[in-house]
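Dear colleague,

Please find below the sequence and the structure that I am handing over to you. My findings follow directly after them.

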Amino acid sequence: MSTRDLFTLRNSHFRIGVGLTAAILIVTAIGGFIVLPFAQPWVQFANVWDAICSAAGVPQRVASVTAPEQSKRLSEVVLTSNTLARPSQEAIGRGATLAQRCAICHGPTGISRADSPNLAGQYAAVIYKQLHDFRSGARTNAVMSPFAVNLTDQEIADLSNYYAYLPRLPAYHPTPQLPKPNIVIYGAPLRGIAPCGACHGSLDNKTGSPWLEGQSEAYMKAQLQAFATGERRNDISQQMRNIARAMTPQEIEAAAAYYASQPPDVVKAVD
Amino acid sequence: MLANRKLILAHFWLAFAVFGVALTLGAWQMFIRSPIGTWLSDPELYYRSLTAHGTVMGYVFPTLVAMGFGYAIAESALEQRLVGVRWAWTGFGLIVAGSIMAVIPIALGRASVLYTFYPPLIGNVFYYLGVVLVVVGSWIWVALMSLNLRIWRKAHPGAPVPLAMFANVAGSYLWAWTAVGAALELLLQIIPVAAGLKNTIDAGLARIFFSWTLHAIVYFWLMPTYIAYYTIVPRAIGGRVYSDSMARISFILFLVVAMPIGMHHTFADPMVGAGFKFIHSTFTALVALPTLLTVFTICASVEIAARLRGGRGMFGWIRALPWDNPMMLALAFSFVMLGFGGAGGLINMSYQLDASIHNTQWITGHFHLIFGGAIVIMYFAIAYDLWPHLTGRELIDVRLIRTQLWLWFIGMIVTTFPWHWVGILGMPRRMAYFDFGDPAIAPQALSVTFSAIGGFILLTSGLMFIVILARGMRAPQVDAGPYRFAIAVHQPKTVPVALNTHALWVALMIALTLTNYGYPILNLALSSGTSVPAVYVGAQ
Ligand code: HEM
Ligand SMILES: [Cu+2]
């Protein structure tokens with residue numbers, strides 16, 4: 001009883017086992033790679049090899065089709081959770097110098113007295129992405145865009161690192177801390193809205209999503225409305241547009257008011 | 001009495017202890033996402049629980065049962081001393097260490113990636129390393145099963161390998177090879193990203209590797225159950241195995257066709273060509289064959305028992321069966337659940353039909369019915385049957401055992417039938433809560449509530465099982481005698497070499513893996529631009 005008696009054509013089990021397996025494989029392969037592709041009248045194949053490649057999933061470049069022209073620019077930034085991780089002291093120092101021209105709106109400590117966003121202690125990846133998008137035109141703003149167009153990649157990285165480094169201070173428009181509204185902790189499952197907190201803190205943080213505690217209520221409301229109307233479109237894969245479009249005006253109010261009323265130390269508990 | 005009682009008991013007790021914990025989590029999940037629960041203010045907790053439940057129920061629990069049962073078979077079917085006991089304890093130790101290593105990050109909310117890993121979602125590296133340790137521990141068992149059979153063959157040249165051991169080793173080879181897919185995914189793709197060496201991952205390729213594991217692992221879970229069908233039940237009810245060769249052919253077929261069919265889990269995935277999906281779908285249809293053979297052979301074996309007990313008539317013999325015997329009861333329940341689950345499986349394996357139930361609650365209903373129902377109820381039966389041989393004490397509470405089996409059966413039906421139903425209505429799986437107040441899904445509230453009630457029946461039954469075994473450790477002592485397996489009507493004197501060895505079938509299994517997976521894997525591995533940024537759990 002050695003393998004020599006097993007793996008030989010004299011052994012009927014070998015003949016039948018291998019033969020049947022091979023036969024089934026060949027028949028199914030002919031079915032899957034030749035018969036079925038041609039059975040689809042709505043697809044045209046130049047020849048059999050073309051059909052086989054298509055059924056095998058060989059990546060193909062379709063020459064005759066060009067991508068539709070984009071009327072508006074979209075974000076081209078790629079973020080990973082390592083983007084700008086572990087900045088050097090020099091980078092932060094350079095960022096501090098550059099940030100002097102931002103202070104007029106975003107405040108000398110990164111806390112805005114107007115309705116511009118607070119930047120102190122914001123995640124570096126978030127500022128990095130927004131600056132890139134302002135520079136490329138994926139996001140536009142009459143005040144902000146002119147500042148961003150002339151920034152180099154290095155300057156954008158330095159600015160992001162600097163603001164991320166600043167301590168998170170309380171905002172300038174204190175209101176009593178509001179309880180969490182449903183939209184923040186539960187979202188609205190039937191309308192496909194994930195809880196705000198699942199990306200923006202409170203529950204979890206996802207790369208590229210800012211923490212929102214203490215931001216100006218007016219600013220957040222305006223952004224949600226801009227996402228909802230499609231006026232703002234630099235969110236990757238429409239992540240925010242899809243959500244904002246499905247939100248009711250009351251939910252937009254509630255979410256903006258809630259986050260504006262939160263002190264920044266809530267954020268620390270999460271990250 | 002078995003010589004390696006401590007080893008086998010350690011495997012079983014650990015298996016049933018983690019089962020008890022995961023079962024409790026399962027019942028909590030059922031409750032919390034049903035209309036009787038309140039919405040979780042932190043849905044992340046649901047995914048933590050789900051990751052723990054899936055990891056334990058999918059990887060740790062069945063592997064330990066297969067291992068413990070495997071050692072018992074090697075010792076009693078071969079009637080020789082188990083070689084490599086120290087290695088066996090090492091394997092067990094690795095599983096303990098791996099489980100602890102995996103559970104800590106899950107509990108801390110650092111690995112809520114679910115047991116299917118879900119890249120580009122990436123959790124804490126220790127979670128994956130823990131899973132790897134569990135797999136490595138089980139590979140030691142595979143090697144020991146192979147080694148012990150080899151030693152036996154040397155001492156019994158040309159003799160037929162006892163069926164239980166033949167099947168046990170087939171199951172171990174199936175596991176060794178199918179675990180390679182997930183191992184490649186973990187070692188080549190996920191762990192480097194989790195350890196921070198890379199920050200992008202080819203999620204499509206990862207899914208293909210996982211599908212390599214995901215189908216045949218199901219048959220690895222099923223092996224102890226099928227071994228029990230063939231080699232325990234007929235003996236326990238006073239019958240005989242209708243055909244020894246039929247049994248061998250079934251296990252061989254599992255070895256060959258359980259592997260190259262995993263892409264039926266990627267029907268909805270764009271990165272696999274439709275031709276390969278068709279091949280996998282057709283081979284999936286073939287895997288029904290060994291199950292049909294088994295159902296036929298076992299029904300015939302049971303009929304033999306009934307006729308030996310004086311059963312008459314075309315169907316009248318069914319009444320003559322020993323229905324108060326827990327083994328008989330477990331087998332019948334298992335077959336009923338296998339029947340319903342198998343019918344559902346036909347829908348899953350059909351490319352087009354699958355589209356309507358893909359990623360819905362139907363899927364969870366389906367695998368709970370087959371796995372939690374048909375398979376696990378036989379794990380209970382195996383434990384009950386082996387217990388006196390492991391403890392030297394009798395399980396006296398037969399009524400309690402019967403109640404436990406009944407409750408598991410009823411609970412599983414009450415849980416899974418409505419679960420399937422809401423799946424057909426489109427309810428997605430892996431959701432922490434549903435807005436049953438919305439008129440669109442309000443009618444599903446009743447079904448989900450029934451499911452949750454079924455979940456509590458199951459929890460009760462599972463806890464009863466553990467109590468019965470624990471009480472069995474303190475019952476009056478008996479001499480259970482040697483542990484025996486069922487014999488066939490025609491107990492074979494010689495068996496053709498192909499039905500007595502695994503080499504040919506293992507070769508076919510590997511060959512079919514290469515033909516059915518080779519191109520899709522190479523295609524993605526060699527193309528550039530197929531990776532996406534990793535999303536780290538709990539990281540900004
Ligand atoms: C031995 C029996 C069982 C096994 C092998 C088992 C296995 C599994 C597995 C592998 C998953 C998938 C996890 C995932 O989607 O990532 C799961 C999910 C789940 N199980 Fe179990 N389970 C068992 C028993 C139970 C019981 C008894 C209950 C209820 C009391 C239960 C409730 C659940 C629930 C609610 C889910 C999540 C479904 C979802 O949200 O998609 N399980 N189970
Ligand atoms: Cu499968």
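I begin with B:His265, which is partly exposed because its relative accessibility is 29% (buried stands for under 20% relative accessible area, exposed for over 50% and partly exposed for what lies in between, computed with a 1.4 Å probe on protein chains only). The model is predicted, so local features need pLDDT of at least 70 and side-chain atom pairs pLDDT 80 or more, while totals for chains, interfaces and linings use all residues. Residues are numbered from 1 along each chain, chains are lettered from A and ligands numbered from 1 as written, and side-chain values use heavy atoms without hydrogens or water.

B:His215 belongs to helix H6 (residues 203-231) of chain B, whereas B:His265 belongs to the loop between helix H8 (244-257) and helix H9 (274-286) of chain B, so the two tie together parts that are 50 residues apart in sequence (helices, H or I with at least four residues, and strands, E with at least two, are DSSP runs numbered from the N terminus).

B:His264 is also found in the loop between H8 and H9 of chain B. The side chains of B:His264 and B:His265 are joined by a polar contact of 3.1 Å (a pair of N or O atoms within 3.5 Å; within protein one must be able to donate a hydrogen and the other to accept it, and residues adjacent in sequence count only through two side-chain atoms). B:His264 counts as buried because its relative accessibility is 11%. B:His215 is buried too, since its relative accessible area is 10%.

The iron site

The iron atom of ligand 1 is coordinated at 2.0 Å by NE2 of B:His53 and NE2 of B:His368. Six donor atoms around this iron atom subtend angles of 84 to 179 degrees, and the arrangement is therefore octahedral (six donors qualify if opposite ones are over 155 degrees apart and all others between 65 and 115). B:His53 comes from helix H2 (residues 44-78) of chain B and B:His368 from helix H13 (residues 361-391) of chain B, so the pair links parts that are 315 residues apart in sequence. B:His53 and B:His368 are both buried.

Ligand 1 is surrounded by 26 residues, of which the closest are B:Tyr46, B:His53, B:His368, B:Arg429 and B:Arg430 (a residue counts if one of its heavy atoms lies within 4 Å). From B:Tyr46, a polar side-chain atom lies 2.6 Å from an oxygen atom of ligand 1. In the side chain of B:His53, an N or O atom is 2.7 Å from a nitrogen atom of the ligand. The side chain of B:Arg429 has an N or O atom 2.9 Å from an oxygen atom of ligand 1. Helix H1 (5-32), H2, H13 and helix H15 (445-472) of chain B are the elements that give two or more residues to the shell around this ligand.

Helix H13 of chain B also contains B:His389, which counts as buried because its relative accessibility is 9%. Between the C-alpha atoms of B:His389 and B:Gly196 there are 49 Å in space, and the two residues are 193 apart in sequence.

Backbone and loop details

In chain B, the peptide bond from B:Pro119 to B:Pro120 is cis, with omega near 15 degrees. B:Pro120 is placed in the loop between helix H3 (85-107) and strand E1 (121-122) of chain B. B:Tyr118 is found in the loop between H3 and E1 as well, and its phi is near 50 degrees, a positive value in a residue other than glycine. B:Tyr118 is partly exposed because its relative accessibility is 32%.

Turning to chain A, A:Gln238 is a residue other than glycine with a positive phi, near 60 degrees. A:Gln238 lies in the loop between helix H11 (217-229) and helix H12 (239-246) of chain A and is partly exposed, since its relative accessible area is 30%.

A:Arg168 occupies the loop between helix H8 (153-165) and helix H9 (182-185) of chain A. A:Arg168 is buried because its relative accessible area is 17%, and a polar atom of its side chain lies 2.9 Å from the backbone oxygen of A:Gly121.

With kind regards

How values were computed: Donors are N, O and S atoms within 2.8 Å of the metal (3.2 Å for Na, K and Ca); water is not among the atoms, so sites may look incomplete. Four donors count as tetrahedral if all angles lie between 85 and 135 degrees; four count as square planar and six as octahedral if opposite donors are over 155 degrees apart and all others between 65 and 115; anything else is irregular.
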